[in-house]
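User: Can you walk me through this one? Start with the terms, please.
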Amino acid sequence: MKLPKVRELVEAVKALTHKPYTSKFPFKPHEPYPSFRGQPEYNADRCLGCLACEETCPAEAIAHQDMIDESASKRVMIHYTDTCIFCGCCEDACIADHEGIKLTNNWELAFFERNKAFETIEKDLQLCEICGSVIACKDHLKWIAEKVGELSFASPTLYQSRLKSLGVVDDNIVSAVKDYGRSDRVKILCSRCRRETTLTTA
Ligand code: SF4
Ligand code: SF4
C-alpha cells in the first residue's frame, strides 16, 4: 500500500479545521470577493453622456442612440451585458470621477432572451439653436463650463449652458429667427453655425 506524503497529511489536517473553500450556492446566495468584477452599471445622475466609455470599450459592449425631438432630445446610453467582458476599461475612462459607470458585484446575469440583455440610461441633449444638430449632452457642457471656469466666457455655447443650468436663462428659450446673422453669435451653436454667424457680414 502506498503511504500518503507528509505534505498531503498536513493539508488533510488543515482542511479539517478550515472553513469550506466553496460557497453553498445555490442553497445560500453567493457573496463574491469585494474586488470581483461583475456587471457594470450606469449612474444616470453622474453620467455626462460624453461617450468616452463607448470609445474605450474593447468589446463594443457600449453604444448610444440620439433621439432628436425639438421639445426633448435625448441620448440613450446602452450597455450590452452579453458582449461585455467585465474588463473595467469603461470605469477607468469615465470622466465623471469614474462614477458614471462602475463595475458591480452582480454576477447573476443569466437571461432567456439575448435581445433583452442590456441596460439603458437617458441624458438630455443640447441641440444647435440654429440648425438643430447635436452638440453634446447638457450635463457634459455644464461640466466643461465648470472645469474651465471663467474661460467659459470665451464660448457662448459654454456660458449659455452654464447660465441655463443655474436657472439664470430659461432652458426653453430658442430664437425663432434663423438667419445666420451676427446677433446669433451669442446662442448655443454647433461649430458650423458658429463659423457661419461669425463670417457673415449681416
Ligand atoms: S467592462 Fe469592459 S467590456 Fe464591459 S462595457 Fe466596460 S469597457 Fe466594455
Ligand atoms: S460620463 Fe462616464 S459613463 Fe457617462 S458617457 Fe462619459 S465615460 Fe461613459
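Analyst: Helices here are DSSP runs of H or I with at least four residues, strands are runs of E with at least two, and both are numbered from the N terminus. The model is predicted: local features need pLDDT of at least 70, side-chain atom pairs count only at pLDDT 80 or more, and totals for chains, interfaces and linings use all residues. Residues are numbered from 1 along each chain as its sequence is written.

User: How many helices and strands?
Analyst: The protein has 6 helices and 6 strands. Their order along the sequence is α-β-α-β-β-α-β-β-β-α-α-α.

User: What's the radius of gyration?
Analyst: The protein has 26 Å, whereas a compact globule of 202 residues would have one near 17 Å. That radius is taken over C-alpha atoms, and the globule rule is 2.2 Å times the number of residues to the power 0.38. The C-alpha box is roughly 105 × 40 × 30 Å along the principal axes.

User: Switching topic. Where does Asp97 sit?
Analyst: Asp97 is in the loop between helix H3 (89-93) and strand E4 (101-103). Its phi is positive, about 55°, though Asp97 is not a glycine.

User: Is Asp97 buried or exposed?
Analyst: Asp97 counts as exposed, at 55% relative accessibility. Buried means under 20% relative accessible area, exposed over 50%, and partly exposed in between (1.4 Å probe, protein chains only).

User: And Leu51, buried or exposed?
Analyst: Leu51 is buried, at 16% relative accessible area. Its phi is also positive, near 80°. Leu51 lies in the loop between E1 and helix H2 (52-56).

User: Which residues does the cis peptide bond join?
Analyst: Phe25 and Pro26, with omega about 10°. Pro26 is in the loop between helix H1 (6-17) and strand E1 (40-42).

Methods:
Chains are lettered from A and ligands numbered from 1 in the order in which they are written. Side-chain values use heavy atoms; hydrogens and water are left out.
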